[in-house]
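Here is a short tour for a reader new to this structure. Keep the sequence and the 3D view at hand while reading.

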Amino acid sequence: MNAIILAGGKGSRLQPWHAPKCLLPINGVTILQRLLSHLFSGDEIDRVVVCAGYRASDIEASLNAHVWDGASSNVLTSNAGEDAPMGERLRKARELTDGGRVIICYGDELVDVNIEALLQAHNCASLASLTFVAAKSSTPGGTVVEDPYEENAGSRSVIVEDQARWVNVGFAIVEPECWQWLKPEDGLSDWINTISRERVGGGARVFYFEGKRATVNSLADLQHAEEVWK
């Protein structure tokens, strides 16, 4: 099976960092290196296409400089252009795959998903066309709940509650029949919604995950990621 890593992010909220976000080091190891090591850790993935964009040459240089166990021959890069939308970049990256099912993952998200277990769940999900990984995430600041029985609506008693919800973490198995439903302007969540709404093949299914995870969008996220991946 092949995989595609969406690695075109700029990381503008991580200044003074200016290189592609996927090259940000987490305790000395770049996000991209960690993703590749994870994808190649088992026997499920035999080729990875790194979907570059912003400063694609830096990504290619990093890949050339970090060769391990011959994996470099199974890592290809695709570049649809820095300003290309995600759907367009995915379509171009797919041209370098074998045309079968693929795993797609974000290049700024570290998720310790058991790929073998994810694949087994996908295969057992009534011939699902797409299975995506969801993890619990708490709403920042909590949710405000008003007392509905108080008469003065302008000053009702409130309770601030923490609210955990399941969110798409950008890690999905996609079958070939899904690609005709991908529009150039789509993000991964848009695509998942279309597959589910249109009931493409077996539709979209969810794989619930509660292991290690870190999204790196800010310096605070970076600190959290370094605590999780020590």
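Which residues of helix 5 (residues 188–197) are buried? In this predicted model, they are Leu 188, Trp 191, Ile 192, Thr 194 and Ile 195.

## Helix 5 and what follows

The C-alpha atom of Ser 196 is separated by 9.2 Å from that of Ser 129. Along the chain, Ser 196 and Ser 129 are 67 residues apart.

After helix 5 comes Arg 199. Arg 199 sits in the loop between helix 5 and strand 12. Is Arg 199 buried or exposed? Arg 199 is exposed, with a relative accessible area of 69%.

Helix 2 covers residues 56–65. Its buried residues are Ala 56, Ile 59, Ser 62 and Leu 63. Seen down the axis, they fall within an arc of 120°, so they line one face of helix 2. What lies on the other side of helix 2? There, Asn 64 and Ala 65 are exposed.

How many aromatic pairs does the structure hold? There are two. A pair of aromatic rings is described by the distance of the centres and the angle of the planes. One of the pairs joins Trp 166 and Tyr 208. Their ring centres are 4.7 Å apart, and the planes make an angle of 70°. Planes over 60 degrees apart count as edge-to-face, so the pair of Trp 166 and Tyr 208 is edge-to-face.

Trp 166 belongs to strand 11 (residues 164–174), and Tyr 208 belongs to strand 12 (residues 204–209). The pair therefore ties together parts that are 42 residues apart in sequence. Trp 166 is partly exposed, with a relative accessible area of 36%.

Val 167 is also found in strand 11. Is Val 167 buried or exposed? At 18% relative accessibility, Val 167 counts as buried, because the limit for buried is under 20%. The C-alpha atoms of Val 167 and Val 133 are separated by 8.3 Å. These two residues are 34 residues apart along the chain.

## The second largest pocket

Rolling a probe the size of a water molecule over the atoms shows where empty space is left. The second largest pocket has a volume of about 160 Å³. Which residues line this pocket? They are Glu 109, Ser 137, Asn 168, Val 169, Arg 213, Ala 214, Thr 215, Asn 217, Asp 221 and His 224.

Strand 13 provides the largest share, three residues. By class, the lining of the second largest pocket has two nonpolar, five polar and three charged residues.

## Two loop residues

Asn 27 is found in the loop between strand 2 (25–26) and strand 3 (29–30). Its phi is positive, about 55°, although Asn 27 is not a glycine. Asn 27 counts as partly exposed, at 37% relative accessibility.

Asp 46 lies in another loop, between helix 1 (31–39) and strand 4 (47–52). Asp 46 is partly exposed, and its relative accessible area is 41%. Which residue is 44 residues from Asp 46 along the chain, with C-alpha atoms separated by 6.0 Å? That residue is Asn 2.

## Cysteines

A disulfide is a covalent bond between the sulfur atoms of two cysteines. How many disulfides does a search of the whole structure find? The search finds zero. Cys 22 counts as buried, at 3% relative accessibility. Cys 105 counts as buried, at 1% relative accessibility.

Conventions. Residues are numbered from 1 along each chain as its sequence is written. This is a predicted model: local features need pLDDT of at least 70, side-chain atom pairs count only at pLDDT 80 or more; totals for chains, interfaces and linings use all residues. Side-chain values use heavy atoms; hydrogens and water are left out. Rings of Phe, Tyr and Trp (its six-membered ring) pair if their centres lie within 6.5 Å; planes under 30 degrees apart count as stacked, over 60 as edge-to-face and the rest as tilted. Helices (H or I, at least four residues) and strands (E, at least two) are DSSP runs, numbered from the N terminus. Buried means under 20% relative accessible area, exposed over 50%, partly exposed in between (1.4 Å probe, protein chains only). On a 1 Å grid over the protein atoms alone, a cavity is a set of points where a 1.4 Å probe fits but cannot get out, and a pocket is an open set with protein on both sides within 12 Å along at least five of seven lines; lining residues have an atom within 4 Å of a point. Grid points are joined across faces, edges and corners, and a volume is the space filled by probe spheres set on the points. Ala, Val, Leu, Ile, Met, Phe, Trp, Tyr, Cys and Pro count as nonpolar, Asp, Glu, Lys and Arg as charged, and the others, Gly among them, as polar. A disulfide is a pair of cysteine sulfur atoms within 2.5 Å. The arc is that of the directions from the helix axis to the C-beta atoms.
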